[in-house]
Amino acid sequence: MHEKHFPLHDAFRGHTIVHHQLYHWNGKFEATGPGRPPHVALRWYAFPSMIAFHTPFFWLIQHFLIPYSFWGALAACVTYFTGYEYTHYLMHVPKGHYVERFKWFRFIKEHHRLHHKYYLRNMNVFIPLADYHLGTLITSEGWRSKALIHKQNLEKKDKAKETTPANSEG
Ligand SMILES: [Zn+2]
Ligand SMILES: [Zn+2]
């Protein structure tokens, strides 16, 4: 969805060009106005394609690596995708559902808001485990905050300047 040269250009256009622009991280992250907000849910064929794409891999994994894993893997895939569509929709279109009160929902909503700012970070939506393991996780404050890391790097640079006498002088 974020790769311009990915064969499914429609996924890139619909997500990175349209969705990211329409629901900007700053100010208009949530949909306003009456009617069904456009370009929040994925296209109808996204879900069946996702399942169809993963199924052969699950089968191969069961056959060669992990016996009896096929149905569990498929259930995980369906759960993630359903959770993704549901929570992503609520992030952009608040409905006052019970889950919106949960702390973890507020966390993943902020996590996704940052994704709309830094589109190659926080690529997970529902469960940010892969972001954590692949090093693409950022948070708005504290731990893994991009702004904070940037500030710390600047401070380090300043300190390095203070401790080593400037060579350029004289
Ligand atoms: Zn979004
Ligand atoms: Zn995105």
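This note goes through a predicted model point by point.

1. Basis. Residues are counted from 1 along each chain in the order its sequence is written, while chains take letters from A and ligands take numbers from 1 in the order of writing. Because the model is predicted, local features need pLDDT of at least 70 and side-chain atom pairs count only at pLDDT 80 or more, whereas totals for chains, interfaces and linings use all residues.

2. Confidence. The average pLDDT (the predictor's confidence in each residue, from 0 to 100) is 88 for the protein chain, and 95% of the residues score at least 70. Among its elements, the highest mean, 95, belongs to helix 3 (residues 70-92), and the lowest, 81, to helix 6 (residues 146-163). Helices (H or I, at least four residues) and strands (E, at least two) are DSSP runs, numbered from the N terminus.

3. Helix 3 and helix 4. The two axes come within 10 Å and cross at roughly 75°. Axes are lines fitted to C-alpha atoms, for helices over the stretch in contact, and angles run from 0 to 180 degrees between N-to-C directions. Helix 3 is therefore roughly perpendicular to helix 4; angles of 65 to 115 degrees count as roughly perpendicular, under 35 as roughly parallel, over 145 as roughly antiparallel and the rest as oblique. Helix 3 contributes Thr87, His88 and Met91 to the contact, and helix 4 contributes Phe105, Ile108, Lys109 and His112. Contact means C-beta atoms, placed from the backbone, within 7 Å. By class, 3 of these residues are nonpolar, 3 polar and 1 charged (Ala, Val, Leu, Ile, Met, Phe, Trp, Tyr, Cys and Pro count as nonpolar, Asp, Glu, Lys and Arg as charged, and the others, Gly among them, as polar).

4. Positive phi. Most residues other than glycine have a negative phi. Tyr68, in the loop between helix 2 (46-64) and helix 3, has a positive phi of about 60°. Tyr68 is exposed because 7 other C-beta atoms lie within 10 Å. Asn122 also has a positive phi, of about 50°, and is placed in the loop between helix 4 and helix 5 (129-134). Asn122 counts as buried because it has 24 C-beta neighbours inside 10 Å. The cut-offs are 20 or more other C-beta atoms within 10 Å for buried, 12 or fewer for exposed, and partly exposed in between, with C-beta atoms placed from the backbone.

5. Phe102. This residue lies in the loop between helix 3 and helix 4 (103-117). With 11 other C-beta atoms within 10 Å, Phe102 is exposed. Phe102 and Glu141 are 39 residues apart in sequence and 19 Å apart in space, C-alpha to C-alpha.

6. Lys159. Lys159 sits in helix 6 and counts as exposed, with 10 C-beta neighbours inside 10 Å.

Definitions and conventions
Two residues are in contact if their C-beta atoms, placed from the backbone, lie within 7 Å.
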